[in-house]
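Subject: Structure for your review

Dear colleague,

Please find below the structure I promised to hand over. My notes on it follow directly after.

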Amino acid sequence: MNQPRFRVGRRTRRMAVGSAVVLALAGMNGPALWGYASDQYHDYKINQPEYKARNGHWDMVDVPDEYRINTIHAALLHTGKVLLVAGSGNNAANFKAKSFRSVLWDPEKNTFKNIPTPKDLFCAGHTQLPDGKLLVAGGTQRYEKLGGDVTKAGGLMVVHNEDPDKPITLPVGTRFTGKNNGKTFESRDPVLIPRAKKVQDEQSRKVTVTVSTARVYVEALEKGHKFETGLTDNYSIEGLKGTDTRNVYGIANKLSFDKKDFQGIKDAYEFDPVAERYVTVDPMNEARWYPTLTTLQDGKVLSVSGLDEIGQVVPGKNEVYDPKTKKWSYLPKERFFPTYPALFLTDKGRIFYTGSNAGYGPADKGRVPGVWDLGSNDFTEVPGMSDPDTLETSMSVLLPPAQDQRYMVLGGGGVGEDKKATARTRIIDLHAPQPRFKDGPDLYAKARYPSSVILPDDTVLTTNGSGDYRGRSDSNVLKAEIYDPKDNSRHTAADPLVGRNYHSGALLLPDGRVMTFGSDSLFGDKANSRPATFQQEIDLYTPPYLFKGGARPELKDTEPKTVALGGKATYRTAGPRPVAKARLIRPGSFTHVTNVEQRSIALDFTKQDGGVTVTLPKDSSLVPPGWYMLNVIDDHGIPSPAVWLKVPGPNGS
């Protein structure tokens, strides 16, 4: 396998420095020289074989300038390439210029390709589909405006339609005039108001008409506080004719200069890894910014939460995407979650909410962990969570192997810009008679935004984060560790090269290494006086198992196979040591401390001369349809490079 080219960072340069040189410099008794000597010795130490075999090693990827973007989202595709998505990259100037970016990176060849990006997919949701495409839904319709930056009065207009015979569509720029206040506002987006609902009682023949509503964001025509409103008012709509002028009207409460939150879009796309382009599919029913997408056991996709088209958290209206029809449908009952909730597919097709989330929603609603039955809408809370008020910006992971149904919640902070942070890890076994969270070993530090990645040897790498909101007060944590679920132990890993907090993440690559990306600090100094720049560096972590020496095990049959649930597949193998484990790992899709895709499934296997036969589980809630990486691991804990295997959906897709 070709190793990718990389640029070696300052902290990881190989230095031909012996201990005598270090001691000589140290003896010069000058602070600058002592610091120089310390750096020299650190670089010398982290490049020693023994150190790497214990702690692993970091390198910086060589990314040409034309492909450097503010990576907000990253997903591993079954082609082995990684889709890096910035959209506008949390840059209002890019948004205004409609400069939306995606880049496709091939880690094996270290090549890059710019991908035309149709809408601002900044803060969208994404998940793997059964056929290997990546579903991307939601994104940004409008950037937030803080109170002091709002120049026009605006807010929510609820448009009513009392006509049961036809829907009404109002274009962008539709004007609404208050009947009492006389002030005029115009819509910032088109809006469709469904026809009113008409129900006839079979016995009395009485007809009941229920008005339908839709919401749209409106602004005053001119700047200035004199256009602000106070009380609720009815609004007539310009451009309507006939009975529509009576049946269709707006109602708005205060239209003011208050802070305006980000607003979402309904747009949805499938990214085709083979054609390497976005393909438009039907939009969601709800606009969503900061949604979570979770693949279900039948290959359909659950879409939950997000900020809607007027900047409010979607009030429990959850929906499902069908990859066969490319259409969305509402769940029959509502359930509220804060934005980017960590929702995992668990056994029996239920959804486990760990309590992790990232961003928006009231502090007292939708934040308690529990198991959600989509069919009945029943939600069974699970107790025992320590530091329950610091679950925002925490990381959640399904511990390997997935059959054990043990989940870990790592770190986190208080709601919004709260300074609270925790080093707690919390573990729950959903197969226990009475599931309850228990504390695991503490993290390396109090950390919001840590990134955790399941490794093929059944351990979990966790890296980075910050001790305060978005790295405030120079609080980035330059530490990493590896957790072993088997004995509930952790040990230190090599220190990351750069700080990473908000808008950062990490993914396992097919060759067994881990990529890290992003970071969007508020400030660049401890005094919080200098604005920070987005961290565009991509780094690669090589875990200790790749420094143990000797040849890696290898699966010789690299052509992708399709294997049904409960089915078998035989591979030729090579390597100096016997195969001890086989793991099926779902490729990750990471954003905003959320990667509910990743899972590692233990496979039964039998060995033959020069080969191995693996058997897949039969449970589709354990192995949802899609593409997977297959690794075998030898008796020294060294994994093979992955080969790709497809598990078809219920219709063979």
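T294 counts as buried because its relative accessibility is 2%, where the cut-off for buried is under 20%. Please bear in mind throughout that this is a predicted model. T294 is found in strand 23, and its side chain reaches the backbone oxygen of L343 at 2.9 Å. Not counting residues up to four places away in sequence, T294 touches T127, K300, V301, L302, L343, F344, L345, I351 and V596. By contrast, G311 is 17 residues from T294 along the chain, and the C-alpha atoms of the two are separated by 22 Å.

V596 leads on to the nonpolar cores. The largest nonpolar core has 74 residues, of which V82, L84, W105 and M515 touch the most other members. Apart from that core lies another, of 35 residues, and V596 is among its members, as are A342, F437 and A569. As a general point, nonpolar side chains in soluble globular proteins tend to be buried together.

The aromatic residues deserve a paragraph of their own. The count comes to 25 aromatic pairs. One of them is formed by F122 and W289, which are edge-to-face, with 6.1 Å from centre to centre and 75° between the planes. F122 lies in the loop between strand 6 (111-116) and strand 7 (125-128), while W289 lies in the loop between strand 22 (277-281) and strand 23 (292-295), so this pair ties together parts that are 167 residues apart in sequence. Both F122 and W289 are buried. A further edge-to-face pair is that of F517 and F590, at 6.3 Å centre to centre and 90° between the planes. F517 belongs to strand 40 (residues 514-518) and F590 to strand 46 (residues 589-590), so the pair ties together parts that are 73 residues apart in sequence. F517 counts as buried, at 0% relative accessibility, and F590 likewise counts as buried at 0%. Ring pairs also link F122 and W289 into a cluster with F95, Y143, F262, Y290, Y340 and Y360.

Two lysines are placed over aromatic rings. The charged end of K365 sits over the ring of F336, 4.4 Å from its centre. K561 lies over the face of Y571, at 4.9 Å from the ring centre.

Which loop holds R577? R577 lies in the loop between strand 44 (568-574) and strand 45 (579-585). R577 counts as buried because its relative accessibility is 18%, and the cut-off is under 20%. The side chain of R577 reaches the backbone oxygen of A551 at 3.4 Å. Leaving aside neighbours within four places in sequence, R577 is in contact with G549, G550 and A551, as well as with D634, D635, H636 and I638.

Finally, a hairpin. Strand 25 (residues 319-322) and strand 26 (residues 327-330) run antiparallel and are joined by 4 bridges. Y321 stands opposite W328 in strand 26. There are 4 residues between the strands of this hairpin, and K326 takes a positive phi near 65°.

With kind regards

Definitions and conventions: Residues numbered from 1 in each chain as written. Predicted model: local features only at pLDDT ≥ 70, side-chain atom pairs only at ≥ 80, totals over all residues. Heavy atoms only, no water. Core = buried A, V, L, I, M, F, W, Y, C linked by side-chain atoms within 4.5 Å. Buried < 20%, exposed > 50% of the residue type's maximum accessible area, 1.4 Å probe, protein only. Pairing = 2+ DSSP bridges. Helix = DSSP H or I, 4+ residues; strand = E, 2+ residues; numbered from the N terminus. Polar contact = N/O pair within 3.5 Å; in protein donor to acceptor, adjacent residues only side chain to side chain. Contact = heavy atoms within 4.5 Å. Phe/Tyr/Trp six-rings, centres within 6.5 Å; stacked < 30°, edge-to-face > 60°. Lys NZ or Arg CZ within 6 Å of the ring centre and 35° of its normal.
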